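Welcome! Take a look at the structure first.

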Amino acid sequence: MKHKINLVFEELSLRRLTVPLIIRTCIRDTLKEEGVKVPCEINVLITDNAGIQTINRESRKIDSPTDVLSFPMFSFVPGELPEDWGEYLDPETGLCPLGDMCISLERAEAQAKEFGHSLRREVGYLTIHSMLHLLGYDHMDEGPQKRQMRAREEAIAASIPGMTREEDR
């Protein structure tokens, strides 16, 4: 299935060779693992801490940087995708515009170092995490929602070569 992934680096200095490949892989594999059977469009902005802090402040009224932000186009129920996608498809493109994600590469690099794994794994994990938000998952509680989302993140990461904690060390 052909998905459209619009990947934008806010600054050329943020470009890393492995970053576009792992983002695209994780987006496609998350859609596959979640059973999405229509072509989708996802917009991805790669920025730094200052850039994501501005977006966080303007969109969520939280004036601090974070690792990833997700802006879903629709309100899906986690794990319960529509049977009929017709109303979700853009009539001009035939794609389902799932939404936007913003990743701070600066924060991802710091977290990779902190957690002792590669930048590739950290960016991949953040991408999977954001994709699940675009598909309706959330972790606002510390209970079942968070456990459900974490379980899906781990299962999807395990389906991608080199993305498990054990493989990355």
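## Before we start

Helix axes are lines fitted to C-alpha atoms over the stretch in contact, and angles run from 0 to 180 degrees between N-to-C directions. Helices (H or I, at least four residues) and strands (E, at least two) are DSSP runs, numbered from the N terminus.

This is a predicted model, in which local features need pLDDT of at least 70 and side-chain atom pairs count only at pLDDT 80 or more, while totals for chains, interfaces and linings use all residues. Residues are numbered from 1 along each chain as its sequence is written, and side-chain values use heavy atoms, with hydrogens and water left out.

## H4 and H5

Let us begin with H4 and helix H5 (residues 144-158), whose axes lie 10 Å apart at an angle of about 130 degrees. The two helices are therefore oblique to each other; angles under 35 degrees count as roughly parallel, over 145 as roughly antiparallel, 65 to 115 as roughly perpendicular and the rest as oblique.

On the H4 side, the residues in contact include Tyr 125, His 129 and His 133, and on the H5 side they include Met 149, Arg 152 and Glu 153. Contact here means heavy atoms within 4.5 Å. By class, this contact has 6 nonpolar, 2 polar and 5 charged residues. Ala, Val, Leu, Ile, Met, Phe, Trp, Tyr, Cys and Pro count as nonpolar, Asp, Glu, Lys and Arg as charged, and the others, Gly among them, as polar.

## H4 and its other partners

Helix H3 (residues 105-115) packs against H4 at an angle of about 120 degrees, with the axes 8 Å apart. That angle makes H3 oblique to H4. Among the residues that meet are Leu 105, Ala 108 and Phe 115 in H3, and Leu 119 and Leu 126 in H4. The contact of H3 with H4 has 7 nonpolar, 1 polar and 2 charged residues.

Helix H1 (residues 18-33) comes within 9 Å of H4, axis to axis, and the two cross at roughly 35 degrees. Val 19, Ile 23 and Leu 31 of H1 are among the residues in this contact, as are Val 123, Gly 124 and Met 131 of H4. Here the classes are 11 nonpolar, 3 polar and 1 charged.

## The largest pocket

How big is the largest pocket? Its volume is about 390 Å³. A pocket is found on a 1 Å grid over the protein atoms alone, as an open set of points where a 1.4 Å probe fits, with protein on both sides within 12 Å along at least five of seven lines; lining residues have an atom within 4 Å of a point. Grid points are joined across faces, edges and corners, and a volume is the space filled by probe spheres set on the points.

Of the 19 lining residues, Ser 70, His 129, His 133, Asp 138 and His 139 are the closest to the centre of the pocket. Strand E3 (68-72) and helix H4 (119-134) each supply at least two lining residues, with E3 giving the largest share, 5 residues.
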